[in-house]
Structure formats: C-alpha cells, structure tokens
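Here is a short briefing to read alongside the structure. Please keep the viewer open as you go through the points.

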Amino acid sequence: MKTEKLTFKQNRMNTILDEATKLLIDKPNASMNDIAEAANIGIATLHRYVESREQLMIHLAMRAIEVVDETLQHIKLDESRVEQYIPDLIEALIPLGDKIYFLAHDTTVHYNAEIEGADQKLREPVLNAIGVLQKKGFFRSDVETTWIVEVLYSVLFLTWQQVIRGNIAQKAAPALVVETFYHGFIAK
C-alpha cells in the first residue's frame, strides 16, 4: 500500500513537472497559479508538492536530467556502426526537446552545483561520442566538441517545437534533423 501511494505521488509530481516545463518554455514568467492550472491541479495541491518557485525550478532541472539520462542509457556508441549514433540519438531525443531546452537555458542549472554536476555528467557520453565521430571523420576536428553538442541540442529543441506546432511530421523529424545536422541547407 505504501509503495502504491509513493508511486502515485511520484507519478503526479512528474506530471506536474512535465507540464510546468512545457509552460515555462512558452511563458518563462508563469506564476505558480499558471503552473497549477497547466497541471490541472489547484494551487494548494501544487504547494503540497513544492513549497516555492525556487524549489520547483530545482525539481524541474532534476526531472529533465532524469528523463534525458534514462533515454541516453539506451543509446550506446557501437564502434562497428559508429555512424548510427547520431541518428539514434536524434530520434530518441526529439520528444524530449522541452527537457533539453530547459537544461540548456534555465539559470537554475548554472547556479546550483548539484544540478550543474548532474548536467555535466549527463553530457559526457554525448561529448565522448562526438569526439569519436570527429576522430573518424564524420565531423570536422577543428570545431570544438562542446559547440557541436550545443548546436545539436538547439536543433533538437527547435525540431520538438515544430513537431508540437504541427509544422513538421513527427515521423519525418528525425531524418530531417540528421540531414540538416550533417549537410545544413546546401542545395543538392
């Protein structure tokens, strides 16, 4: 019974955090009332889960790290098919564009040592994989690895945003991002 209650409470908290993330991307100055409304709960219920906006932002960052980390655990760099890493990564991360955007743009991430450390740890496998791809000639070696990852994360967020708005078909999005990431907008 206690485990079920904990699971319900954690699931509800995750729903609140996911809805808050979406809202705060479109409306960064959203009030706690706006956040409660977006999560379909009352303000009193929201305050049972988080005491303040500052605490909410910390929870949002940790949730984003958790969700992206769970996804990255399934994407491994296979030396025998190294060229497949980026397409696999893109396909898996497009649906998490809001989380990636939050991690890249929210100041909470950069002013909290625990969150910043977790975010850096989260980025390590991607940075390492990009480094391997640079050594193998898939990416320019004269470009900073961090820059490539930041560009990738930005494109992932923009793609997520366009899918949500209905401007890009969800099934077509990964191929479009891979093509754009590797070839830009050069006419064929």
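## A helix in the middle of the story

In helix H5 (residues 85-93), the buried residues are Tyr85, Ile86, Pro87, Leu89, Ile90 and Leu93. Here, buried means under 20% relative accessible area, exposed means over 50%, and partly exposed lies in between (1.4 Å probe, protein chains only). Helices (H or I, at least four residues) and strands (E, at least two) are DSSP runs, numbered from the N terminus. This is a predicted model, in which local features need pLDDT of at least 70 and side-chain atom pairs count only at pLDDT 80 or more, while totals for chains, interfaces and linings use all residues. Residues are numbered from 1 along each chain as its sequence is written, and side-chain values use heavy atoms, with hydrogens and water left out.

**The chain overall**

- The chain has 10 helices and zero strands, so the pattern along the sequence reads α-α-α-α-α-α-α-α-α-α.
- Its C-alpha atoms fill a box of roughly 55 × 35 × 35 Å along the principal axes.
- Of the 188 residues in the chain, 43% are buried.
- Among contacts (heavy atoms within 4.5 Å) with a separation of 6 or more, 61% are between residues 24 or more positions apart.
- The chain carries 20 positive and 26 negative charges, and their mean positions are 4 Å apart. Lys and Arg count as positive and Asp and Glu as negative, with His and the chain ends not counted; each charge is placed at NZ of Lys, CZ of Arg, CG of Asp or CD of Glu.

- The largest nonpolar core has 55 residues, and Ile35, Ile86, Leu89 and Leu93 touch the most other members. Such a core is a set of buried Ala, Val, Leu, Ile, Met, Phe, Trp, Tyr and Cys residues joined through side-chain atoms within 4.5 Å.
- Helix H4 (residues 53-72) gives the largest share of this core, nine residues.
- In soluble globular proteins, nonpolar side chains tend to be buried together.
- The buried residues of H5 pack against H4, helix H6 (97-105), helix H8 (113-135), helix H9 (145-165) and helix H10 (173-183).
- Beyond its neighbours within four places in sequence, Ile86 is in contact with Ile130, Leu133, Phe139, Phe181 and Tyr182.

- Thr71 belongs to helix H4 and counts as buried because its relative accessibility is 18%.
- A polar atom of the Thr71 side chain lies 3.2 Å from the backbone oxygen of Val67.
- Setting aside neighbours within four places in sequence, Thr71 is in contact with Ala92, Leu93 and Leu96.
- Val82 sits in the loop between H4 and H5, and it counts as buried because its relative accessibility is 4%.
- Not counting residues up to four places away in sequence, Val82 touches Leu77, Val132, Leu133, Lys136 and Phe138.
- Val82 and Ala36 are 46 residues apart along the chain, and their C-alpha atoms are separated by 44 Å.

- Met32 is in helix H2 (residues 32-38) and is buried because its relative accessibility is 13%.
- Met32 and Ser52 are 20 residues apart in sequence, with 8.4 Å from C-alpha to C-alpha.
- Asn40 lies in the loop between H2 and helix H3 (43-49) and counts as exposed because its relative accessibility is 70%.
- Although Asn40 is not a glycine, it has a positive phi of about 60°. Most residues other than glycine have a negative phi.
- Thr45, in helix H3, is buried because its relative accessible area is 12%.
- The side chains of Thr45 and Arg48 are joined by a polar contact of 2.7 Å. A polar contact is a pair of N or O atoms within 3.5 Å; within protein, one must be able to donate a hydrogen and the other to accept it, and residues adjacent in sequence count only if both atoms are side-chain atoms.

**A glycine in H8**

- Gly117 is found in helix H8 and is partly exposed because its relative accessible area is 38%.
- Gly117 and Arg53 are 64 residues apart in sequence and 21 Å apart in space, C-alpha to C-alpha.
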